[in-house]
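Dear colleague,

Please find below the structure that I promised to pass on to you.

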Amino acid sequence: MALVKNKYMIMLLSKEQKRHCKERLRLAAVWIFEKQKMSFIMQLNSENTDQPIGSSPNGSKPPVVGSMVILGDCVEVMKGFEDNQFDLAIVDPPYGIGMGNGAGETRGKLGRKKKDLYTPKAWDIKPPDKEYFEQLFRVSKNQIIWGGNYFTNHLPVSRGWIYWRKIMGGNYSDGELAWTSFDKILKEYTQRSEQGLHRFHPTQKPIKLYNFSFKYAGAIEGMKILDTHLGSGSSRIAADKAGLDFTGIEIDKEYFDLSEKRFKQYKSQLRIEGW
Ligand SMILES: C[S@@+](CC[C@H](N)C(=O)[O-])C[C@H]1O[C@@H](n2cnc3c(N)ncnc32)[C@H](O)[C@@H]1O
């Protein structure tokens with residue numbers, strides 16, 4: 001109706017007024033096109049997992065965030081946390097398949113060499129129990145649980161899974177799965193495992209994988225993150241890079257100390273490539 005009215009009105013205009021109107025319509029069309037192009041580019045950028053996490057709303061100052069790690073049993077530590085204390089728990093508990101003693105690394109020549117790099121440990125004999133999941137769901141609003149396919153008896157149905165494609169080849173598994181509490185479509189992320197100087201844990205996950213996971217969760221600066229199974233501390237470094245408030249728990253003193261050393265190295269070498 002409004003369009004018909006406008007068309008009728010345009011017919012009543014002088015030649016000069018018509019030309020002016022057309023020019024304004026053209027400019028409006030260009031403006032809409034540019035706006036749509038911009039939002040499309042922003043959407044593309046948000047798919048790029050190496051980009052930083054979304055900043056705090058309304059352009060407000062970034063919040064002051066902490067990074068705290070606790071040496072202890074995560075179930076016992078969680079009992080001291082309040083309900084919903086954390087916005088997101090991103091955890092990687094033992095799957096119960098013997099990865100701690102290098103069992104997952106023994107296939108093939110490369111596996112045997114890699115096994116010698118790590119101190120054999122017994123932490124991956126038993127997966128977490130009912131009490132662990134009760135505490136986890138009590139203290140956090142949302143969860144990303146690596147190895148979720150091993151814990152399906154404790155987890156509700158969800159469509160929001162993350163598939164980490166490791167591109168390892170040979171006898172190694174092609175990837176790992178994380179169950180998430182998000183009602184989102186499954187997403188795949190491809191990233192090689194970290195090797196070299198900063199690797200000391202047999203199941204060390206890449207920092208970039210955590211960054212991807214934070215983005216999947218829609219994390220914004222200042223959000224409170226919990227990792228109940230810190231290991232090498234990749235989650236801690238990713239959280240720090242993203243401006244997230246972090247709490248991590250690790251039961252093994254050797255891993256705890258090594259992850260602390262790694263975090264300090266990262267902090268002192270922020271400008272160096274590779275972090
Ligand atoms: C699968 S690894 C985590 C690896 C970590 N995502 C990384 O990127 O390095 C599991 C870790 O949980 C620790 N752990 C096992 N049981 C635990 C418990 N009850 N409380 C806290 N940490 C525990 C193990 O020592 C091990 O370092």
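Strand 8 is covered on both of its faces, with Asp245, Thr247 and Ile249 buried on one side and Phe246, Gly248 and Glu250 buried on the other. Here a residue counts as buried if 20 or more other C-beta atoms lie within 10 Å of its own, as exposed if 12 or fewer do, and as partly exposed in between, the C-beta atoms being placed from the backbone. Helices (H or I, at least four residues) and strands (E, at least two) are DSSP runs, numbered from the N terminus. Since 6 of the 6 residues of strand 8 (residues 245-250) are buried, this strand is largely enclosed by the rest of the structure.

Please keep in mind that this is a predicted model, in which local features need pLDDT of at least 70 and side-chain atom pairs count only at pLDDT 80 or more, while totals for chains, interfaces and linings use all residues. Residues are numbered from 1 along each chain as its sequence is written.

What does strand 8 pair with? Two strands are said to pair if DSSP finds at least two bridges between them. Strand 1 (residues 67-71) runs parallel to strand 8 and is joined to it by 5 bridges, and Leu71 has Glu250 of strand 8 as its bridge partner. Strand 7 also pairs with strand 8 in the parallel sense, over 4 bridges, and there Leu226 stands opposite Thr247.

Strand 7, helix 7 (residues 234-242) and strand 8 together make a right-handed β-α-β unit, where right-handed means that, with the strands pointing away from the viewer, the path from the first strand over the helix to the second runs clockwise. Helix 7 is itself mostly covered, with 8 of its 9 residues buried, and these buried residues pack against strand 1, strand 2, helix 6 (207-216), strand 7, strand 8 and helix 8 (253-268). Packing is judged by contacts, and two residues are in contact if their C-beta atoms, placed from the backbone, lie within 7 Å. After helix 7 comes Gly243, which has a positive phi, near 75°.

Strand 2 (86-91) is mostly covered as well, as 5 of its 6 residues are buried. Strand 2 runs parallel to strand 3, to which 5 bridges join it, and Ala89 has Gln143 of strand 3 as its bridge partner. Strand 2 also pairs with strand 7 in the parallel sense, over 2 bridges, with Ile225 of strand 7 as the bridge partner of Leu88.

Which residues of helix 5 (residues 130-139) are buried? They are Tyr132, Gln135, Leu136 and Val139. Seen down the axis of helix 5, these buried residues fall within an arc of 100° (taken from the directions from the helix axis to the C-beta atoms), so they line one face of the helix. They pack against helix 3 (74-78), strand 2, strand 3 (140-146) and strand 7 (224-227).

Gly80, by contrast, lies in the loop between helix 3 and strand 2, and it counts as exposed because it has 10 C-beta neighbours inside 10 Å.

For the chain as a whole, there are 8 helices and 8 strands, and 30% of its 275 residues count as buried.

With best wishes
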